[in-house]
Amino acid sequence: MNNPKKSFHESSFGELACTVVDGSDQPWLPVILCHGYGAPGDDLVGLTDYLIAKLGDAAKAVRFVYPVAPGDLADQGMPGGRAWWPLNMASLQQLLQTSQFDQLHDQTPPGIEAASGQLVSVVQSVLNNMPADPPESSGSSAMSGEAGRPYVLGGFSQGAMVTMNTALTGDIPPPDVLVQFSGTLVCGPQWIEAASKSGSGRLKATRVLQSHGSQDQILPFSSAATLADTLREEALEWEFRAFQGPHTIEAGTLDHLAQWILDLTDRK
């Protein structure tokens, strides 16, 4: 097995700056991952080496794209920190401390729609500017959807929420794989309508990979379970990985993601 030569560079796709890591000079499979609230724009770039090691030679097919969230949190005492939309931390903590989870699940956070529109521009630009075309597939292990090109979309925490909202309501083809690292249910009525088979069935050809720590003190585990319970039946497949740990990304979920990326590259 040859170790793929990765290429690391900064670029802009659509309306956002991005960090890009190519597994070769001719990648054809985009993997777009969005960081969480308060993190620097390149926070998830460190996942790349782990995923490439798991993918082996198949990493040559992959372009990893890490968008930088539009909000700058420097004026809130977090220099370098970014946000997909502003958070009212006092209000959020009050909801969580009083277990008013229904309010959390049903509300549409102010700013999530604008952030989703910017992420839509990133996805569209990434899909339209890949160095290589995907190989023809005669099997069903990789589904290319409306775009004619498979892709992976996901994120961590607030980045998971914006990617779920984008996948369900954005003017883009739904991703083949949607990743939810430590996310939660918001925009409940809109998400349910978009995902329902009586509506557009936006997840009917999407595999969803969700993970959440049972000791998460930022976004409660019960809300993550509600997200899975609410939308699971609307997806092609929904894998919910619970783990003993806090608000983080665990290695086992990355291993699972690598396998699903491998499934997409197997287009023979």
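The numbered points go from the whole chain to single residues.

1. Overall make-up. This is a predicted model. The protein chain holds eight helices and ten strands. Of its 268 residues, 56% are buried. Among contacts with a separation of 6 or more, 76% are between residues 24 or more positions apart. The accessible surface of the chain is about 11200 Å², and carbon and sulfur atoms account for 48% of that surface.

2. Main core. The largest nonpolar core contains 43 residues. Within this core, the residues with the most contacts are Trp-84, Met-164, Leu-168, Trp-191, Leu-231 and Trp-238. Two or more core residues come from each of β2 (16-22), β3 (29-34), α4 (112-128), α5 (158-169), α6 (188-195) and α7 (221-231). The largest share, eight residues, is that of α4. There is also a second, separate core of 30 residues, and Leu-51, Ala-59, Phe-64 and Ala-258 are among its members.

3. Trp-84. Which residues does Trp-84 touch, leaving aside its neighbours within four places in sequence? Its contacts include Leu-16, Cys-34 and His-35, then Pro-67, Ala-69 and Pro-70. Further along the sequence, Trp-84 is in contact with Gly-111, Ala-115 and Leu-119, and also with Gln-158, Gly-159 and Val-162.

4. Strand β3. Is β3 enclosed or open to the outside? Six of the six residues of β3 are buried, so this strand is largely enclosed by the rest of the structure. In a regular strand, side chains alternate between the two faces of the sheet. In β3 both faces are covered, with Leu-29, Val-31 and Leu-33 buried on one side and Pro-30, Ile-32 and Cys-34 buried on the other.

5. Partners of β3. Strand β3 runs parallel to β4 (residues 62-67), and four bridges join the two. Ile-32 has Val-65 as its bridge partner in β4. Together with helix α1 (residues 47-55), β3 and β4 make a right-handed β-α-β unit. β3 also pairs with β7, again in the parallel sense and over four bridges. Here Cys-34 has Gly-155 of β7 as its bridge partner.

6. Strands β9 and β10. β9 (residues 207-213) and β10 (residues 237-243) run parallel and are joined by seven bridges. Ala-242 in β10 stands opposite His-212. Between the two strands the chain passes through α7, and this β-α-β crossover is right-handed.

7. The aromatic pair. How many aromatic pairs are there? The count comes to one. The pair is formed by Phe-221 and Phe-240, which are stacked, with 5.7 Å from centre to centre and 20° between the planes. Since Phe-221 lies in helix α7 and Phe-240 in strand β10, the pair ties together parts that are 19 residues apart in sequence.

8. Leu-73. This residue sits in the loop between β5 (71-72) and β6 (82-83). Is Leu-73 buried or exposed? Leu-73 is buried, because its relative accessible area is 3%, and buried means under 20%. Beyond its neighbours within four places in sequence, Leu-73 is in contact with Tyr-37, Gly-38, Met-78, Gly-81, Arg-82 and Ala-83. Between Leu-73 and Ala-39, the C-alpha to C-alpha distance is 9.4 Å, while their separation in sequence is 34 residues.

9. Positive phi at Ser-157. Ser-157 is not a glycine, yet its phi is positive, at about 60°. The residue is in the loop between β7 (152-156) and α5. Its relative accessibility is 8%, so Ser-157 counts as buried.

10. Positive phi at Cys-187. Cys-187 is another residue other than glycine with a positive phi, in this case near 50°. Cys-187 is found in the loop between β8 (177-181) and α6. With a relative accessible area of 0%, Cys-187 is buried.

Conventions:
Residues are numbered from 1 along each chain as its sequence is written. This is a predicted model: local features need pLDDT of at least 70, side-chain atom pairs count only at pLDDT 80 or more; totals for chains, interfaces and linings use all residues. Side-chain values use heavy atoms; hydrogens and water are left out. A nonpolar core is a set of buried Ala, Val, Leu, Ile, Met, Phe, Trp, Tyr and Cys residues joined through side-chain atoms within 4.5 Å. Buried means under 20% relative accessible area, exposed over 50%, partly exposed in between (1.4 Å probe, protein chains only). Contact means heavy atoms within 4.5 Å. Two strands pair if DSSP finds at least two bridges between them. A crossover is right-handed if, with the strands pointing away from the viewer, the path from the first strand over the helix to the second runs clockwise. Accessible areas come from the Shrake-Rupley method with a 1.4 Å probe; for residues, only the protein chains shown count as cover. Rings of Phe, Tyr and Trp (its six-membered ring) pair if their centres lie within 6.5 Å; planes under 30 degrees apart count as stacked, over 60 as edge-to-face and the rest as tilted.
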